[in-house]
Amino acid sequence: MIFPERLQALHSQDPQRVAVTLQFPAADDLPVTLDGLLRGSQSFAHAYAREGIQPGEVVILILQHGEDLLYAFWGAILHGAIPSIMPFLTEKLSPERYRADLASLMEVTKPAAIVTYPDFEGEVRMAIRDGSSVRAVIVTDQIPPAAEVDFDSLEGFQRKPEDIVLLQHSSGTTGLQKGVALSHQAVFNQLNAYSRALNLQGDDVVVSWLPLYHDMGLIAGFLMPILSGIHLVLMSPFDWVRAPYKLMQAVTKYRGTLTWLPNFAYNFCAQKIRDRHLEGVDLSSWRAVINCSEPVRWESHRAFYDRFKDYGLRWEALQTSYAMAENVFGVTQSRLGSEPTVHEIDREAFMVERVAKSPFDGRPSMKMLSSGYPLENVEIRILDEHGNVLPERFIGEIALKSDCMLTGYYNRSDLTEKAFRDGWYVTGDYGYMADGEIFVSGRKKDMIIVGGRNVYPQDLEALTYEVPGVHAGRSVAFGIFNEEQGTEDVVIIAEVDTEDPLEQQKIADAIRLHVTKNSAIALRHVKVVDPKWIIKTSSGKTARSANREKFLKELQETKKT
Amino acid sequence: MSNLISNLSSFLAEKILKQPGRVIAPDEPLISSGLIDSFSLMDVALFVEDTFGVRIEDTELNADTFDNLTQLAALIESRRS
């Protein structure tokens, strides 16, 4: 099966069914029928053909939430081209950095075309260097008008199940170098297994505000509902973050049944929604609100439940999943209808012995929330540092095998090769198994996850070195967990030569401004320190975890005084 | 007005930037500079509503409505009267 065939089959069943409802902050909801979706997408497919884009070539989409993004994406699929969605420039990010990111994405991905708005075309063209692979910048006002759907006119039907259907990138300089390439078959294998874990039904309604350039938004909050013939209600992440109550109102209005959220969103919704925005809200239709893409926290579920239980939310609707783009999306899913397992484990045994034991003698304990059971097509192993399989309850690196793995990192076979060990994909996440369930406890990589976004500390450190007064190799970036917000805060520490507090404050401000402008990541703590503060390993590399410990200790001490 | 500004300034320094000693100049860009990120914008709106009884609608939470303390204070003043 390939994507266009599935769309055609759905279209033949009921072309007038509403496939997607788009929501906007200051306009009426826009229902898009399956026929409307295909007509709009067909226009883009014809535009790609007109520009000489060949099936199998990459098309980068630089568009915001709305009809154009919807049609440009599915149009690429109908034409057989490979779409990849790039985040749109926001006011937080500097245009220079955006251009540099785009250029680095183009260098690896070698797209044949870029799609954008007329008023952003200039920006895009500035990023295109001599000898670039890009043959066309397609602007949205030059798309032919929608016409009756003619499947015979679409080249995408010639694709094979094993062909790459789309690319998915994570953010930042490092993330943009690693485009996860997925085949039609891998996506369908994932959707089949995942829908069974969810017991997906035709009358389910997915409500999502997640960005489509992230695997959770792209798969769970976009491809799955559309390819499964299920109603999708979609709003923009930028609107949601300013009006989180709109999620609750959308669930009420459309009787939403399924939503995916990163952990921080549970805290955010619990803390930042006013009663007046909840008048008439009824969340009883929600059968699963699935916590995914950040470490899952029982405390966050509790806060969310306490805030919304009077509005029909059921405790057992709060679910968890462990997912990654390399497996298309879901690796595990908790069992819907019952509450995910919570382990109370001994803190010291967890830290020192790396094993999850029941607490004893009243010693300090911690709560671990299960991420559920492996999907039926996924096998999981927990490995020690030598690659040996660990027994139950021992913490090690999570490795997996499935029939829905990535084809590879696009044009980066070197990275693809490194990611696998004996046919197992080694995730870089730590966790343990118990009674068939997986408990994810942390990660091996230094990656910071903030607000559901993966951030590479080396990217932030490299940006810090660009600030006058900071020398290369004398900065460290890491994340610290913020209990209240349910996600990580980003910390940057930089050594400078000056000891003048006023100068140091100026440099700290400059770091904050520069890093934020160039990564779109807000920094919570920027600490400028005297030389020799930063701990280095014997080989001179920055030891992020040791510096993190040192910072946390100092933070504790300043709180005491 | 200056009272209003210093009140807002200490809230931002303490709660958003986690730098209680930090002085924010009245004309220092807040949103366009990235000093206040989108997640914290809601906090500003909630603080303004609770402290001054003035509502800032979600569609107004952007640099076009206010981008520094002087503009934010002026917005609050105009809605209080």
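Helices in this predicted model are DSSP runs of H or I with at least four residues, numbered from the N terminus. By this definition, B:Ser6 belongs to helix α1 of chain B, which covers residues 2–16.

Chain B contains 3 helices and 0 strands, and the order of its elements from the N terminus is α-α-α. Its radius of gyration is 11 Å, close to the 12 Å given by the globule rule for 81 residues, so chain B is as compact as a globular protein of that length. The C-alpha trace of chain B spans about 30 × 25 × 20 Å along its principal axes. Buried residues account for 32% of the 81 residues of chain B. Of the contacts in chain B between residues at least 6 apart in sequence, 63% join residues at least 24 apart.

Chain A comprises 17 helices and 28 strands. Its radius of gyration is 24 Å, which agrees with the value near 24 Å for a compact globule of 561 residues. Along the principal axes, the C-alpha trace of chain A extends over about 70 × 55 × 55 Å. Of the 561 residues in chain A, 49% are buried. Among the contacts in chain A with a separation of 6 or more, 69% involve residues 24 or more positions apart.

Two domains are assigned in chain A, domain 1 (1–178) and domain 2 (448–560). The C-alpha centres of domain 1 of chain A and domain 2 of chain A are 37 Å apart. Their contact takes 11 residues from domain 1 of chain A and 11 residues from domain 2 of chain A. On the side of domain 1 of chain A that touches domain 2 of chain A, the largest share, 4 residues, comes from helix α6 (residues 172–175) of chain A. The residues on this side of domain 1 of chain A divide into 1 nonpolar, 8 polar and 2 charged.

Helix α3 of chain A (residues 67–79) has 13 residues and reaches 18 Å from its first C-alpha to its last, close to the 18 Å expected at 1.5 Å a residue. This helix, α3(A), is mostly covered, with 12 of its 13 residues buried. The buried residues of α3(A) include A:Leu69, A:Ala72, A:Phe73 and A:Trp74. A:Gly80, with a positive phi near 90°, follows α3(A).

The largest nonpolar core has 144 residues, and A:Val59 and A:Leu61 have the most contacts inside it. The element that gives the most to this core is α3(A), with 9 residues. With neighbours within four places in sequence left aside, A:Leu61 is in contact with A:Leu69, A:Ala72, A:Phe73, A:Pro83, A:Ser84, A:Ile85, A:Met86 and A:Val115. A second, separate core has 26 residues, including A:Ile493, A:Ala494, A:Ala508 and A:Ile521.

Helix α11 of chain A (residues 263–272) is also mostly covered, and 7 of its 10 residues are buried. These are A:Asn263, A:Phe264, A:Ala265, A:Tyr266, A:Asn267, A:Phe268 and A:Cys269.

In the contact between the chains, 15 residues of chain A meet 14 residues of chain B. On the side of chain A that touches chain B, α9 (237–242) and α16 (501–519) of chain A each supply at least two residues. Helix α16(A) gives the most to this side of chain A, with 3 residues. The residues of the side of chain A that touches chain B divide into 6 nonpolar, 3 polar and 6 charged.

How values were computed
Residues numbered from 1 in each chain as written. Chains lettered and ligands numbered in written order. Predicted model: local features only at pLDDT ≥ 70, side-chain atom pairs only at ≥ 80, totals over all residues. Rg over C-alpha atoms; globule rule 2.2 N^0.38 Å. Buried ≥ 20, exposed ≤ 12 C-beta atoms within 10 Å, placed from the backbone. Contact = placed C-beta atoms within 7 Å. Domains from an automatic or database assignment. Nonpolar A, V, L, I, M, F, W, Y, C, P; charged D, E, K, R; others polar. Expected span 1.5 Å × (residues − 1). Core = buried A, V, L, I, M, F, W, Y, C linked by C-beta atoms within 7 Å.
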